[in-house]
Amino acid sequence: KVWKFSHEESVGSIQDMYAMKFKEQVEERSNGEIRVDVYPVGQLGDGVGAVELIRYNAVNFSINNPATVATIVPENQLLSLQFVFSDDMEVNRRVLNDGNAIKEINELYRAKDIIPLAWFQEGFQVITSNHPINKPDDMKGFKLRVMASPLLIASYSAYGANPTPVPYMETYSNLQLNMIDGQVNPVFAIEEMKFYEVQKCLNFLNQEIFVGTFCVNPVFWDSLTEEEQEMVLDITNELDSYIFDIQNEYADSRLQKIIDNKPQITLKEYTEEERNVFKEKAVSGYDWYLNLVGEKGQSLLDVLGEDIKTAEQTVSS
Ligand code: 6CS
């Protein structure tokens, strides 16, 4: 048997480490009866295209992120709101693992022929630029590359930026040619995609986390034996701490690599006061989200808020 697994990132990235560990474990536990073919770098289709592949079972497993599913399950944009998650990654991990908001979002995905098996973090989203972004005003007219999610466009527009969706693989050349002024991605991606080579500042506003979703096609899932399903779920459970540690380690080691290669890079950290100015502006992104998905949006937002509170209590106790 051959199982197909696609993801959008480079070899050695967080999604790739996840996929390769999954492959190793499936092949080992099935005694070689199952082979997992991993297609990295969006080889089979990037972003939104990759989501269609999973929905139509052209690939069996994939890692996507909420932005690429935003037009299919608009409610999922909850997870891309500015400042919606905790600053504590352990809290976020619990929210993504056991939270009730995620359970509800899982149901919405299932109704659209995608079964999420796991949600994990890939780090805080960092804004890169050629001038420091100390306040929202510094983003006036700033051509910022974001993923193709309407909410991301609304959210960064609220700061005054001029957000434009550009495919991941074209972002470097667009920065190099000054067709865009900046982009948003976790540190590990800024390093491996070499965005830092053509940018002067990394702005650590911690306004969003990058969330990965490990998904399976429902028709394929139903075709598996019970043992196979159990094996996949066991591996998925084990992968949670594996990938959490990797994203933690990459956040430091990849930043060090950037600093080593480009010591003159500016690293902008924010005081609470500075962040608050952004938070005030971010409210209109929430309004946009609630207008789009109505009552369901409000109830999901409330549930997520409760999930975060519960996780904060368990982490601090
Ligand atoms: O910005 C993007 O489009 C991408 N960023 C990451 C970290 N992973 C995949 C995604 O396509």
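Start with Glu8: one of its polar side-chain atoms sits 2.7 Å from an oxygen atom of the ligand, a polar contact being a pair of N or O atoms within 3.5 Å. This is a predicted model, where local features need pLDDT of at least 70, side-chain atom pairs count only at pLDDT 80 or more, and totals for chains, interfaces and linings use all residues. Residues are numbered from 1 along each chain as its sequence is written, and side-chain values use heavy atoms, with hydrogens and water left out.

Arg145 has a side-chain N or O atom 2.7 Å from an oxygen atom of the ligand. For Asn185, a polar side-chain atom is 2.8 Å from a nitrogen atom of the ligand. Of the 300 Å² of accessible area that the ligand has on its own, the protein covers 98% (Shrake-Rupley method, 1.4 Å probe).

Now the shell, meaning residues with a heavy atom within 4 Å. Its members include Met147, Tyr168, Phe188 and Phe210. Where does the ligand lie relative to domain 1 and domain 2? Domain 1 (2-122 + 210-255) and domain 2 (126-207 + 263-316) both contribute residues to the shell, so the ligand lies between them; the bounds come from an automatic or database domain assignment.

Key: A polar contact is a pair of N or O atoms within 3.5 Å; within protein, one must be able to donate a hydrogen and the other to accept it, and residues adjacent in sequence count only if both atoms are side-chain atoms.
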